[in-house]
Amino acid sequence: MSGLNKIMVVDDSRLIHSMYRLVLSRYGGCRIVDAMNGLEALDVLSRENDFDLILLDINMPVMNGIQFMEKIKKENMFRRIPIIVISTEGKEEDTLRALKLGAWGYVVKPFKPEVLYDLIGKVLAKRPPFLSEAARRA
Amino acid sequence: MEYGSLLRDFIDDAEGHLSTFDDALLTLERQGHDTEIVLGALGTLHTLKGNAGMMGFESLQNYLHLLEDILKKVNDGDLPMGLIMGALMDSANVLRSALQGLGRDPVVIPDLTDNILALQRGVSREGGNDERPNIDPAAYLGAKTDTIRVDFKKFDDLLGLVGELLIFKTRLNQLELEIRAAVNNKPLIKELHEGIGLMGRTVAGLQEGIMRARMLPVRHVFNKFRRMVRDLAESQGKGIQLVCEGEDTEIDKTVIDELEEPLLHIIRNAIDHGLEAPGERIGKGKSRQGMIRLSAAQESNYVVIRVGDDGRGIDIDKVRETALRQGLLKAGDSAGREEILSLIFSPGFTTKKEVSDISGRGIGLDVVSRNVARLNGQISVDSSPERGTEMILKLPLSLAIIPALMTEVDGKVYAVPMSAVEESVKVRDEDIHIINNHEVIRFREKLMPVVRLDEYYGLNRARRDRLYLVILGKGEKRLALAVDRLRGQQEIVIKPLDDTFGKPFGVAGASLMGDGTIVLIVDVMEFWNSSEVMRPVKSRHPYSV
Amino acid sequence: MSDIQLPAAGLAEDVLRIYGQEKKELQIVAFSLGEEYGVPIGQVLEIVRVGDITMVPNSPPYVEGVINLRGRVLPVMNLRKRLNLAPGEIKKASRVIVTEIGSKVIGILVDGVSHVIKVPCMFVEAAPEEVMEVDTDFIQGVAKLRGRLIILLDLEKLLRGKAVSTDQGVAAE
């Protein structure tokens with residue numbers, strides 16, 4: 001799928017990262033960067049900010065998804081990157097909070113891959129044109 | 001731009017300045033003298049003074065000028081601020097009430113003459129550099145008073161609680177009956193019965209006590225007119241003396257509140273139309289100064305307020321002319337003096353061709369009459385040429401409690417305010433005759449219309465041989481209200497009826513009985529307004545009665 | 001445990017449109033007049049049994065009368081008549097819902113009151129024209145819950161009403 005060249009997955013479970021690799025293999029040629037928590041993710045972003053998408057888990061140690069969102073909310077640069085939060089059933093309040101903080105969408109885990117593909121498609125469709133240009137240039 | 005909105009702008013603007021002045025005073029009091037703040041306050045006062053001047057409020061302007069002088073002296077060190085702070089604070093209050101007065105009644109120009117004198121005195125006494133009188137700390141406490149100020153709403157809340165107590169008492173009564181049927185213990189039940197009875201009496205006493213606490217002396221209202229009388233007199237070049245009597249007479253606060261407007265109009269009328277200019281008075285051999293007498297006295301369950309003047313009196317011929325012109329009177333009518341005089345309360349009645357700008361706010365005596373009726377009161381007038389005119393207002397002591405005659409139609413009870421009732425009599429149905437499609441009855445040499453309450457309310461009409469007539473009177477008019485039964489006189493507590501769904505025709509309000517049931521109050525005023533009411537005519541035809 | 005229900009996945013704008021504002025759900029008092037109706041709980045002061053209602057002559061036909069509520073005389077509106085539904089009787093289950101709109105306190109006579117329900121805003125739709133027996137002017141919306149349809153009434157409009165002229169006077173404007 002065009003436009004998806006670099007994705008960051010933020011989750012504290014190694015297993016989940018492996019699973020994502022599998023799921024996202026659909027988008028052939030897409031580079032995936034792992035971060036184990038919000039702090040690591042910030043670290044990554046300070047070095048590379050040309051991601052097309054961030055998949056963000058909410059429950060993580062050190063800095064969870066909500067805290068991460070609050071941190072980047074202030075950085076305009078990062079706001080251009082679409083963020084999809086991964087939430088769990090029963091934690092709808094957190095999901096809403098993340099959405100209000102600027103996440104573009106959410107999925108509830110466990111989810112079927114189609115559900116994620118569908119959402120990614122929608123989210124990317126909403127991205128302003130210049131963003132994909134910049135991403136392609138990078 | 002019309003005056004009203006100009007005035008509003010002035011008031012808004014002034015309130016802002018007043019607020020700033022208040023803040024400055026508070027800061028000065030807290031922190032002590034500060035030239036910058038004082039200069040700021042001076043600037044505020046100066047602007048306000050200029051605005052007041054533009055609006056023509058000379059007295060207000062003078063007052064502000066005096067304040068300015070005082071503050072300037074403070075700044076120059078001639079007056080120690082600490083000592084006059086009290087007077088300055090008071091002055092802010094004076095300004096505030098002047099503004100409020102303007103807001104309520106734009107026509108009455110604020111007169112701060114007294115306040116100016118007080119301020120001067122206050123400042124010179126407190127601010128003298130040389131001799132400072134011995135300050136007695138106890139004097140700061142002021143006199144101990146026996147009265148306290150209470151937010152009037154608290155009384156309504158208390159009355160509400162009493163109302164609830166009455167409901168609970170009713171439940172207890174019902175429970176008593178049930179227990180009596182279920183339990184066989186005579187002495188115990190007797191005690192219960194007595195206990196409930198005692199409680200009921202206490203609650204009634206409580207209610208009466210609260211009603212009395214709501215009463216205030218009429219002085220509160222009468223005093224408001226002193227300044228107005230003085231200002232109006234001056235502006236018209238007339239000398240007028242206001243004499244007040246019976247100022248200690250007490251009435252319910254709500255009645256007092258409602259009285260202000262009617263009295264205001266009556267007094268204005270007296271000043272505008274009744275009292276003559278000094279020259280004219282002297283020419284007639286009267287005293288140079290005219291007199292207005294306000295008096296209040298309690299007469300059984302009513303307060304009678306009289307507003308009299310010693311002016312021209314009402315010109316009966318003029319009234320008759322205008323009444324004929326307006327169709328209120330027909331050419332051949334033989335109407336007595338009292339009746340013609342009472343026509344001045346008719347809607348739209350006015351003999352003065354141009355309306356002076358002070359009294360010409362389009363509110364006539366008919367509105368006064370309606371307002372008084374709304375208070376379940378009555379208004380009448382007495383006048384003789386060159387001797388003067390007197391308006392007599394008869395009001396129930398309490399807006400909330402009035403004596404009423406309880407009547408019954410179609411099994412339901414309706415209350416008729418006693419203030420409208422002349423008498424009641426039992427008659428036979430056959431005594432009621434029909435003339436021109438109206439039911440009438442001959443009573444005490446007069447023929448009067450009959451209104452059947454059940455028909456009036458669209459209830460089921462029972463055919464009875466005998467019924468009761470409640471004779472209602474207003475001035476010279478009489479009307480007989482036909483009901484099935486009379487159930488005695490009672491003092492009832494009036495509750496206004498909600499008008500969300502419109503005001504039900506013929507119902508003036510509701511009252512709650514001791515047992516919680518609701519009894520509706522008949523709107524007697526509507527009978528007089530109805531075109532069906534005829535003037536009583538001396539009967540020339542002998543009917544068999 | 002939360003009373004928000006979210007689908008498996010969604011875009012922010014869709015979700016926030018419904019849940020983004022402070023009120024994500026309505027709390028309504030549901031009552032019966034044959035069909036089920038509801039009014040916002042914010043407008044309900046209390047619910048009382050039907051005691052003595054004193055009839056007031058020359059009132060509009062839908063005004064049942066007045067009642068004494070702790071010393072206050074309240075008008076009671078017969079909601080069936082107001083909504084032009086088939087007439088009903090006052091039964092044991094009938095209740096008077098004491099409502100407050102602005103400064104007006106009015107009682108509403110209904111067949112029976114169910115309970116207070118929380119209705120997520122996204123289950124509320126505009127009233128379908130055809131289905132309604134009731135004048136749709138008075139309807140704020142329809143709540144579709146599992147197997148239930150609750151008609152949400154606009155109390156303010158009910159109380160304002162069109163002019164009804166009685167024999168000798170004109171009531172409400």
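1. Chain C has 173 residues, and 46% of them are buried (under 20% relative accessible area with a 1.4 Å probe, counting protein chains only; exposed is over 50%, and partly exposed lies in between). Keep in mind that this is a predicted model: local features need pLDDT of at least 70, side-chain atom pairs count only at pLDDT 80 or more, and totals for chains, interfaces and linings use all residues. For finding your way around, residues are numbered from 1 along each chain as its sequence is written, chains are lettered from A and ligands numbered from 1 in the order in which they are written, and side-chain values use heavy atoms, with hydrogens and water left out.

2. On to the make-up of chain C. You'll find three helices and twelve strands there; these are DSSP runs numbered from the N terminus, with helices being H or I of at least four residues and strands being E of at least two. Take the chain C contacts (heavy atoms within 4.5 Å) with a separation of 6 or more: 55% of them come from residues 24 or more positions apart. Chain C exposes about 8900 Å², and carbon and sulfur atoms supply 50% of that; accessible areas come from the Shrake-Rupley method with a 1.4 Å probe, and for residues only the protein chains shown count as cover.

3. Now look at where chain C meets chain B. Here 24 residues of chain C are in contact with 23 residues of chain B. The buried area is about 2100 Å², with 68% given by carbon and sulfur atoms; buried area is the accessible area (1.4 Å probe) that two parts lose on being put together, summed over both.

4. What about polar links between chain C and chain B? There are zero salt bridges (a side-chain nitrogen of Lys or Arg within 4 Å of a carboxyl oxygen of Asp or Glu). One residue pair is in polar contact, both at pLDDT 80 or more. A polar contact is a pair of N or O atoms within 3.5 Å; within protein, one must be able to donate a hydrogen and the other to accept it, and residues adjacent in sequence count only if both atoms are side-chain atoms.

5. Which elements of chain C give two or more residues to the side touching chain B? They are β5 (63–69), β6 (72–78) and β8 (104–110), and β5(C) gives the most, with four residues. By class, that side has 16 nonpolar, six polar and two charged residues; Ala, Val, Leu, Ile, Met, Phe, Trp, Tyr, Cys and Pro count as nonpolar, Asp, Glu, Lys and Arg as charged, and the others, Gly among them, as polar.

6. Chain C also meets chain A, with 17 residues of chain A in contact with 14 residues of chain C. About 1400 Å² is buried between chain A and chain C, 67% of it from carbon and sulfur atoms. Glu92(A), Leu96(A) and Tyr106(A) supply 39% of what chain A buries there, more than any other three residues.

7. Between chain A and chain C, the count is zero salt bridges but four residue pairs in polar contact, both at pLDDT 80 or more. On the chain A side, α5 (92–101), β5 (105–109) and α6 (113–125) each give two or more residues. The largest share, six residues, comes from α5(A).

8. Last, chain A itself. It has seven helices and five strands, and 51% of its 138 residues count as buried.
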